[in-house]
Amino acid sequence: MKTVKDAELRRQEILMTARELFIKKGYDKTSVNDILKVVDIAKGTFYYYFSSKEEVLEAIIIEIVEEGATKARRILNEQSIPLLNRIMMAMMAQKPDFEGSEEIKEELHKVENVKLHRIYLREMIKKMTPILEPLMLEGIDQGIFSIDYPTECIESILLLGHMMFDDSDVFEWTSDEFQKKIQAFLSNMERLLGTKKGELEILMQMFGQL
């Protein structure tokens with residue numbers, strides 16, 4: 001058991017070091033040798049855990065998604081928070097929010113890294129859907145939602161929300177345009193969830209728009 005634990009600790013050390021270097025120097029300017037120097041390991045040791053620098057970034061992306069999922073789970077358990085607010089807060093929790101997150105996001109948006117962006121989306125949907133599902137079922141039980149396909153509804157909202165807010169800088173919207181997009185997003189959410197018109201208007205406050 002000790003060997004397994006040591007191996008996992010070493011893997012985490014490589015990931016933490018690589019993450020710091022990617023943020024400080026940039027992904028392109030960080031080499032495998034840079035990581036080796038900081039961690040103080042042989043090249044063979046690195047390749048025992050990862051086949052390439054890209055694979056390290058893949059692992060970091062999966063970690064980032066899990067960090068967001070962990071925050072969402074905590075929100076899920078906060079029964080004092082109204083249901084609609086919990087849903088939106090849980091969705092927003094998966095958005096990377098840490099020092100250097102913009103650098104990681106910029107890397108994801110590069111054309112040559114489309115594979116990494118797909119990994120992020122796949123992991124985000126896989127992790128977040130089962131977290132949000134109980135909230136949707138709670139809303140159905142309370143008569144707030146009317147949904148025939150709750151799982152697929154969650155997936156649609158997550159994907160649309162990611163495009164609207166995580167990738168919003170790609171579209172270069174003005175402040176006024178972005179506010180309109182948020183209003184449209186919440187209006188579409190109402191239709192998907194089968195809520196009353198204007199039910200989600202209170203959530204505009206969460207975006208600092210009111």
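At what angle do the axes of α5 and helix α7 cross? The legends below take that up, along with a few other close-ups. This is a predicted model, in which local features need pLDDT of at least 70 and side-chain atom pairs count only at pLDDT 80 or more, while totals for chains, interfaces and linings use all residues. Residues are numbered from 1 along each chain as its sequence is written, and side-chain values use heavy atoms, with hydrogens and water left out.

**View 1. Helix α5 against helix α7.** The axes of α5 and α7 (residues 114-141) come within 10 Å and cross at roughly 170°; axes are lines fitted to C-alpha atoms, for helices over the stretch in contact, with angles from 0 to 180 degrees between N-to-C directions. That makes α5 roughly antiparallel to α7, a label for angles over 145 degrees. Helices here are DSSP runs (H or I, at least four residues), numbered from the N terminus. On the α5 side, Leu83, Arg86, Ile87, Ala90 and Met91 meet Met128, Leu132, Leu135, Met136, Glu138 and Gly139 of α7.

**View 2. How helix α5 is enclosed.** Of the 11 residues in α5 (residues 83-93), 9 are buried, so the helix is largely enclosed by the rest of the structure. Buried means under 20% relative accessible area (1.4 Å probe, protein chains only). Among the buried residues are Leu84, Asn85, Met88 and Ala93.

**View 3. Arginine 86 up close.** Arginine 86 sits in helix α5 and counts as buried, at 2% relative accessibility. A polar atom of its side chain lies 3.3 Å from the backbone oxygen of leucine 76. Leaving aside neighbours within four places in sequence, arginine 86 is in contact (heavy atoms within 4.5 Å) with Ile75, Leu76, Glu78, Gln79, Ile81, Leu135 and Glu138.

**View 4. The largest nonpolar core and phenylalanine 185.** This core has 59 residues, and those with the most contacts inside it are Phe46, Phe185, Leu186 and Leu193. A nonpolar core is a set of buried Ala, Val, Leu, Ile, Met, Phe, Trp, Tyr and Cys residues joined through side-chain atoms within 4.5 Å. Helix α4 gives the most to this core, with 11 residues. Beyond its neighbours within four places in sequence, phenylalanine 185 is in contact with Met88, Met91, Ile157, Leu160, Gly161, Met164 and Phe165.

**View 5. Aspartate 34 in helix α2.** Aspartate 34 is found in helix α2 and is buried, with a relative accessible area of 17%. Setting aside neighbours within four places in sequence, its contacts are Leu21, Lys25 and Lys29.

Terms used. Buried means under 20% relative accessible area, exposed over 50%, partly exposed in between (1.4 Å probe, protein chains only). Helices (H or I, at least four residues) and strands (E, at least two) are DSSP runs, numbered from the N terminus. Angles under 35 degrees count as roughly parallel, over 145 as roughly antiparallel, 65 to 115 as roughly perpendicular and the rest as oblique. A polar contact is a pair of N or O atoms within 3.5 Å; within protein, one must be able to donate a hydrogen and the other to accept it, and residues adjacent in sequence count only if both atoms are side-chain atoms.
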